[in-house]
Amino acid sequence: MDNVFWMNLHAGAGCSLEDKFGRLLKRAGLDALAGRGELVAIKVHVGESGNLAYVNHNYARMVVRELKACGAKPFLTDTNTLYSGSRHNAVDHNETAVMHGYFSGTAGAPFIVADGLRGLDCEELPVNGQHVKKARIGGALCQADKLVMLSHFKGHCEMGFGGTIKNMGMGCAAVPGKLELHSGSNPLQKPEKCVGCQQCARRCPVHAIAMKDKKAVINYTTCIGCGQCIAACNYGAMGIQWDSHGEALIEKVAEYAAALHERFAGKALYVNFALSISPDCDCWDYNDAPVVQDIGIVASANPLALDRATLDMINKAPKLAGSAAAEVKSGNVFDALRPEIKSGYMFDYCRKLGMEDKYELVEIK
Ligand code: SF4
Ligand code: SF4
């Protein structure tokens with residue numbers, strides 16, 4: 001059974017939230033985590049443009065300050081998205097990060113996109129999963145000496161909820177990895193958006209794309225599902241086949257998370273921010289009203305126990321009037337919001353992969 005450390009948001013004269021967060025990080029082991037000169041990846045989600053529920057950059061600044069005090073060299077990082085939005089490539093991603101306060105001037109450390117300009121810079125981490133044998137994780141994340149993961153806990157349209165395991169499994173995957181997670185098959189062509197620029201055909205490693213009537217056409221017999229054409233297309237003409245919902249997606253995300261967990265065994269600290277707990281994830285360009293009150297900040301070296309403890313506290317909290325969960329009386333609020341998804345399956349499957357979700361909750365005053 002592992003310790004999970006939790007602080008609520010009560011503060012007052014002589015005890016600011018910043019002080020309290022510093023104590024939480026210390027008790028959870030941040031001081032002992034990083035040594036002098038070590039490169040520490042602080043995995044964040046800077047929030048899609050238009051979303052305001054993402055984790056405030058000031059929390060990242062405090063983590064940076066503590067790590068620098070240990071002599072470490074922290075950097076902020078995230079991977080690009082599959083879909084075209086404000087974080088689809090490193091240029092747009094950096095601009096969004098700056099807009100949301102995630103850059104050296106405010107957070108005290110540079111923001112480096114983990115999987116490079118178009119999301120293709122990745123390394124393969126081994127995992128003995130049912131679906132995945134090599135998890136394709138953003139290169140800068142794999143190359144870091146240590147990892148601190150800051151995750152916003154909220155609802156998610158495919159996983160039911162998103163916390164640390166989802167941030168590890170989906171949030172750290174490079175674009176080819178995300179394609180594997182989301183579709184497990186091939187890109188979806190949208191010929192009405194294709195302008196015939198041929199960038200996708202030039203990037204396809206197996207020459208599976210031909211031009212016909214000035215439109216790109218994929219040969220699905222040849223396609224290996226690498227995702228390079230999705231990354232290459234600036235016009236949104238190569239999409240994702242969102243056909244991997246349900247158990248298979250949750251299993252694949254868990255397997256990616258297990259690969260990362262193994263890579264950083266004894267070298268990582270995970271932090272959940274149960275604040276502004278919106279029904280949908282921060283990849284959307286909006287955020288609906290929170291479904292429960294702010295629970296606080298939770299940290300542990302055990303990512304699955306951390307998600308379990310955070311979810312337990314959220315489910316015990318009264319649902320907020322006027323929110324999407326106003327009519328939910330009891331049980332898992334995220335399952336009530338999306339009855340088609342069995343979000344608790346994530347815990348069952350992670351345990352099969354050798355992870356543990358038993359915890360002892362330690363409150364930080
Ligand atoms: S990169 Fe996009 S717009 Fe260009 S040919 Fe390929 S699908 Fe069409
Ligand atoms: S996913 Fe990869 S292999 Fe398939 S068409 Fe796109 S670039 Fe080619």
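How many salt bridges does the structure hold? The structure, a predicted model, holds 14 of them, a salt bridge being a side-chain nitrogen of Lys or Arg within 4 Å of a carboxyl oxygen of Asp or Glu. Residues are numbered from 1 along each chain as its sequence is written, and chains are lettered from A and ligands numbered from 1 in the order in which they are written. Because the model is predicted, local features need pLDDT of at least 70 and side-chain atom pairs count only at pLDDT 80 or more, while totals for chains, interfaces and linings use all residues; side-chain values use heavy atoms, with hydrogens and water left out.

The overall fold comes next. The protein contains 14 helices and 16 strands, where helices (H or I, at least four residues) and strands (E, at least two) are DSSP runs numbered from the N terminus. Its radius of gyration is 20 Å, close to the 21 Å that the globule rule gives for 365 residues, so the protein is as compact as a globular protein of that length. Here the radius of gyration is taken over C-alpha atoms, and the globule rule is 2.2 Å times the number of residues to the power 0.38. Along the principal axes, the C-alpha atoms fill a box of roughly 70 × 50 × 40 Å. Of the 365 residues, 56% count as buried; buried means under 20% relative accessible area, exposed over 50%, and partly exposed in between (1.4 Å probe, protein chains only).

In one of them, E18 pairs with R61, and the closest N and O atoms are 3.8 Å apart. E18 sits in helix α1 (residues 17-27) and R61 in helix α3 (residues 57-69), so this pair ties together parts that are 43 residues apart in sequence. Both partners are partly exposed: E18 has a relative accessible area of 27%, and R61 has 26%. This pair also belongs to a network of salt bridges that links E18, R61, R65 and E66.

In another pair, the side chains of E38 and K146 meet at 2.8 Å, N to O. E38 lies in the loop between α2 (30-33) and β2 (39-43), whereas K146 belongs to strand β7 (residues 146-152), so the contact ties together parts that are 108 residues apart in sequence. Here E38 is partly exposed at 22% relative accessible area, but K146 is buried at 11%.

A further salt bridge joins E180 to R136, with 3.7 Å between the closest N and O atoms. Because E180 is in helix α8 (residues 175-182) and R136 in strand β6 (residues 134-138), this pair ties together parts that are 44 residues apart in sequence.

A search of the whole structure finds zero disulfides, a disulfide being a pair of cysteine sulfur atoms within 2.5 Å. For C142, the nearest cysteine sulfur is that of C122, 8.0 Å away. C142 is buried, with a relative accessibility of 6%, whereas C197 is partly exposed at 32%.

Rolling a probe the size of a water molecule over the atoms shows where empty space is left. On a 1 Å grid over the protein atoms alone, a cavity is a set of points where a 1.4 Å probe fits but cannot get out, and lining residues have an atom within 4 Å of a point. Grid points are joined across faces, edges and corners, and a volume is the space filled by probe spheres set on the points. The count comes to four cavities of 30 Å³ or more, and the largest cavity holds about 120 Å³ of space. Its lining is made up of 16 residues, of which C194, C200, A216, C233 and A237 lie nearest the centre. That lining divides into ten nonpolar, four polar and two charged residues, with Ala, Val, Leu, Ile, Met, Phe, Trp, Tyr, Cys and Pro counted as nonpolar, Asp, Glu, Lys and Arg as charged, and the others, Gly among them, as polar.

Two loop residues complete the picture. H207 has a positive phi of about 55 degrees although it is not a glycine. This histidine is found in the loop between α9 (199-203) and β11 (209-212) and is exposed, at 69% relative accessible area. D213, also a residue other than glycine, has a positive phi near 50 degrees. It lies in the loop between β11 and β12 (215-218), and its relative accessibility of 72% counts as exposed.

Definitions and conventions. On a 1 Å grid over the protein atoms alone, a cavity is a set of points where a 1.4 Å probe fits but cannot get out, and a pocket is an open set with protein on both sides within 12 Å along at least five of seven lines; lining residues have an atom within 4 Å of a point.
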